[in-house]
Amino acid sequence: MIRGETVSSGAPLDCGDEGCPSPDGPKVLCSGAGYYIGYFCDLCGPYSRESLGYYATTEQAETALAEGWPERTTEFRPSSVCDTGQADD
Ligand SMILES: [Zn+2]
């Protein structure tokens, strides 16, 4: 589930479920609305959207992830979980 809070605004870094692995940082994720930067739990799925909005392409989202986006900057390297050019509807 997507929570209202972002990690950068004080939400916990992990998904909140015991036994789940800690994320290694924000990633480029996709939804029907487009690509966004958020946190993804290997067991629960995406649980936080960090970017202010959505990006039309994974390249734009990865650039934002690498260079920073309106809500925060990051030292983590981008990691895409979506196939390029494919939106998950
Ligand atoms: Zn989890």
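Read along the sequence, the protein chain runs β-β-β-α. That is three strands and one helix, where helices (H or I, at least four residues) and strands (E, at least two) are DSSP runs, numbered from the N terminus. This is a predicted model, in which local features need pLDDT of at least 70, side-chain atom pairs count only at pLDDT 80 or more, and totals for chains, interfaces and linings use all residues. Residues are numbered from 1 along each chain as its sequence is written.

Now the strands. S2 and S3, the latter covering residues 45-49, pair in the antiparallel sense over four bridges; two strands pair if DSSP finds at least two bridges between them. They form a hairpin, with three residues between them. Cysteine 41 stands opposite glycine 45 in S3.

Next, the interior. Of the 89 residues in the protein chain, 28% are buried, meaning that 20 or more other C-beta atoms, placed from the backbone, lie within 10 Å of the residue's own.

Which residues make up the largest nonpolar core? There are 11: Val28, Leu29, Cys30, Tyr35, Tyr36, Ile37, Tyr55, Ala61, Ala64, Leu65 and Trp69. Strand S1 (27-31), strand S2 (34-41) and helix H1 (58-67) each give two or more residues to this core. A nonpolar core is a set of buried Ala, Val, Leu, Ile, Met, Phe, Trp, Tyr and Cys residues joined through C-beta atoms within 7 Å.

Last, contacts, which are pairs of residues with C-beta atoms, placed from the backbone, within 7 Å. Leaving aside neighbours within four places in sequence, alanine 64 is in contact with Ile37, Ser51, Tyr55 and Trp69. Of the contacts in the protein chain with a separation of 6 or more, 47% are between residues 24 or more positions apart.

Note on methods: A residue is buried if 20 or more other C-beta atoms lie within 10 Å of its own, exposed if 12 or fewer, and partly exposed in between; C-beta atoms are placed from the backbone. Two residues are in contact if their C-beta atoms, placed from the backbone, lie within 7 Å.
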